[in-house]
Amino acid sequence: TYTQMLSSIKAIGLVEAPVVMAAPQKSGTWFLLDGHLRVEALKELGIVEAECLLATDDDTYTYNKRVNRIPPIQEHR
């Protein structure tokens with residue numbers, strides 16, 4: 001999936017922005033909550049800046065809660 005993401009970012013750019021939250025103790029520092037592979041792909045492509053979604057509270061919300069990575073045949077079992 002990483003290589004697919006890398007080629008997709010090369011071809012059309014970043015589709016889904018990474019999610020970050022400001023570190024409460026250190027100004028100017030951010031925690032990456034979602035999008036670790038996207039950030040690694042951006043680094044590999046030499047992209048140093050990207051738009052991000054800003055989370056205001058770390059409340060165990062998963063940004064991929066609707067994504068099902070299990071193939072239908074395994075889900076059926």
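The following dialogue explains how several terms apply to this predicted model.

Guide: Local features here need pLDDT of at least 70 and side-chain atom pairs count only at pLDDT 80 or more, while totals for chains, interfaces and linings use all residues of this predicted model. Residues are numbered from 1 along each chain as its sequence is written, and side-chain values use heavy atoms, with hydrogens and water left out.

Visitor: How many helices and strands does the protein chain have?

Guide: The protein chain has 3 helices and 3 strands, in the pattern α-β-β-α-β-α along the sequence. Helices (H or I, at least four residues) and strands (E, at least two) are DSSP runs, numbered from the N terminus.

Visitor: Why is K10 called exposed?

Guide: A residue is exposed when its relative accessible area is over 50%, buried when under 20%, and partly exposed in between (1.4 Å probe, protein chains only). K10 has a relative accessible area of 60%, so K10 is exposed. The residue lies in helix α1, which covers residues 2–12.

Visitor: What makes D34 a buried residue?

Guide: The relative accessible area of D34 is 12%, and therefore D34 counts as buried. D34 lies in strand β2, where it is the bridge partner of V19.

Visitor: How do you know that the side chains of D34 and R38 make a polar contact?

Guide: A polar contact is a pair of N or O atoms within 3.5 Å; within protein, one must be able to donate a hydrogen and the other to accept it, and residues adjacent in sequence count only if both atoms are side-chain atoms. The contact between the side chains of D34 and R38 is at 3.1 Å.

Visitor: Why do β2 and β3 stand at the edges of the sheet?

Guide: The 3 strands form an open sheet in the order β2-β1-β3, with mixed pairing. Strands β2 (30–34) and β3 (53–54) each have a single partner strand, so one side of each is left without a neighbour in the sheet. Two strands pair if DSSP finds at least two bridges between them; β1 (residues 19–22) and β2 have 4 bridges, in the antiparallel sense.

Visitor: Why are the buried residues of α2 said to line one face of the helix?

Guide: In helix α2 (residues 36–44), the residues R38, A41 and L42 are buried. Seen down the axis of α2, the buried residues fall within an arc of 100°, so they line one face of the helix. The arc is that of the directions from the helix axis to the C-beta atoms. On the other side of α2, K43 and E44 are exposed.
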